[in-house]
Amino acid sequence: MKGIDHVFDKIMLATGIALLILFWWQFPAMPSPDRQHYASYNSATEVITSTSKWTYLKPDKALTPRQVIRIQMRALQENDHQDSGIITVFNFSSPKNKMHIGPINHFRLIVRDPAYRTMLNFKSYKTGQLVITEDKAYQLVVVTGRDGTEDVYLFILAKQRRGSYKGCWMTEGIARMEPGRQTSLT
């Protein structure tokens, strides 16, 4: 019986190492400079303009909730093999949200889950009315995937009150709405 346990342990170890190598190969740590996308955003007053690589975009006090959502949606639509779009969305995740989603490699797996997979390299999207309270913002986004399916997501943003991103709008969560539920894009 001990011999069988020993063989089983070796098989499990080999499987674990093989999976680790697969994940390491599939999810490189950082995008290579030659494969990064560039993004631009302008503030409402046109005083602030920025052009940056997707993966270098970070929250900024000058960005409105609408701009934060637009940056994340464009990044996901143009996500590449190095996951620069996913890294951008992770950059805009609030510290509270990062406590729940964990490190970037775990977040990469979450985005590839069937509930969120439609958001990767999607065909198009449309947004509903942006609702802003004192320090929270909510917006419905209907995403049309590459295969033509539509999924509805609720973006929940919060204006940060402390820390290095104080005053910045950051994503608290993105909830997939269940099919068939009443939603409005007015």
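Predicted model: local features only at pLDDT ≥ 70, side-chain atom pairs only at ≥ 80, totals over all residues.

Colleague: Then what makes Asn-121 partly exposed?

Modeller: Its relative accessible area is 24%, so Asn-121 counts as partly exposed. The residue sits in the loop between α5 and β3 (124-127). Asn-121 also has a positive phi of about 55°, although it is not a glycine.

Colleague: Why is that phi worth a remark?

Modeller: Because most residues other than glycine have a negative phi. Asp-83 is another case, with a positive phi of about 60° and again no glycine. Asp-83 belongs to the loop between α2 (65-77) and α3.

Colleague: Is Asp-83 buried or exposed, and how do you know?

Modeller: Buried: its relative accessible area is 0%, and the cut-off is under 20%.

Colleague: Let's move on to α3. What makes you say that α3 is mostly covered?

Modeller: The count: 8 of its 8 residues are buried. They are Ser-84, Gly-85, Ile-86, Ile-87, Thr-88, Val-89, Phe-90 and Asn-91. The cover over them includes α2, α4 (95-101), α5 and β7 (169-176).

Colleague: Take α2 first. Why are α2 and α3 called roughly antiparallel?

Modeller: Their axes cross at roughly 155°. Anything over 145 degrees counts as roughly antiparallel, and α2 and α3 therefore get that label. The two axes come within 7 Å, and the crossing is left-handed.

Colleague: Which residues make that contact?

Modeller: From α2 there are Ile-71, Gln-72, Ala-75 and Leu-76, and from α3 there are Gly-85, Ile-86, Thr-88 and Val-89. By class, the contact of α2 with α3 has 5 nonpolar residues, 3 polar and no charged.

Colleague: And how do you know what to call the arrangement of α3 and α5?

Modeller: Helix α3 (residues 84-91) and helix α5 (residues 104-111) pack at about 110°, with their axes 10 Å apart. The range from 65 to 115 degrees counts as roughly perpendicular, and α3 and α5 are therefore roughly perpendicular to each other. Their crossing is right-handed.

Colleague: What meets what there?

Modeller: On the α3 side you have Ile-86, Ile-87, Val-89 and Phe-90; on the α5 side, Ile-104, Phe-107, Arg-108 and Val-111. The contact of α3 with α5 divides into 7 nonpolar residues, no polar and 1 charged.

Colleague: Now the aromatics. How many pairs are there?

Modeller: The count comes to 3 aromatic pairs. One of them is Phe-90 with Phe-107, which is tilted, at 5.7 Å centre to centre and 45° between the planes.

Colleague: What makes that pair tilted?

Modeller: Ring centres must lie within 6.5 Å to pair at all, and 5.7 Å passes. Stacked needs planes under 30 degrees apart and edge-to-face needs over 60, and the 45° here leaves tilted. Phe-90 lies in helix α3 and Phe-107 in helix α5, so the pair ties together parts 17 residues apart in sequence. Phe-90 and Phe-107 are both buried.

Modeller: Another pair is Tyr-116 with Tyr-153, which is stacked: 5.9 Å centre to centre, 25° between the planes. Stacked is the label for planes under 30 degrees apart. This pair links distant parts of the chain, with Tyr-116 in the loop between α5 and β3, Tyr-153 in strand β6 (residues 150-159), and 37 residues separating them. Tyr-153 counts as buried, at 0% relative accessibility.

Colleague: What else touches Tyr-153?

Modeller: Thr-118 does. Leaving aside neighbours within four places in sequence, Thr-118 is in contact with Val-143, Gly-145, Thr-149, Asp-151 and Tyr-153. Thr-118 is in the loop between α5 and β3.

Colleague: And why is Thr-118 called buried?

Modeller: Because its relative accessible area is 13%, against a cut-off of under 20%.

Technical notes:
Residues numbered from 1 in each chain as written. Heavy atoms only, no water. Axes fitted to C-alpha atoms, helices over the stretch in contact; angles between N-to-C directions. Helix = DSSP H or I, 4+ residues; strand = E, 2+ residues; numbered from the N terminus. Parallel < 35°, antiparallel > 145°, perpendicular 65-115°, else oblique. Left-handed = near helix turned anticlockwise from the far one by under 90°. Contact = heavy atoms within 4.5 Å. Nonpolar A, V, L, I, M, F, W, Y, C, P; charged D, E, K, R; others polar. Buried < 20%, exposed > 50% of the residue type's maximum accessible area, 1.4 Å probe, protein only. Phe/Tyr/Trp six-rings, centres within 6.5 Å; stacked < 30°, edge-to-face > 60°.
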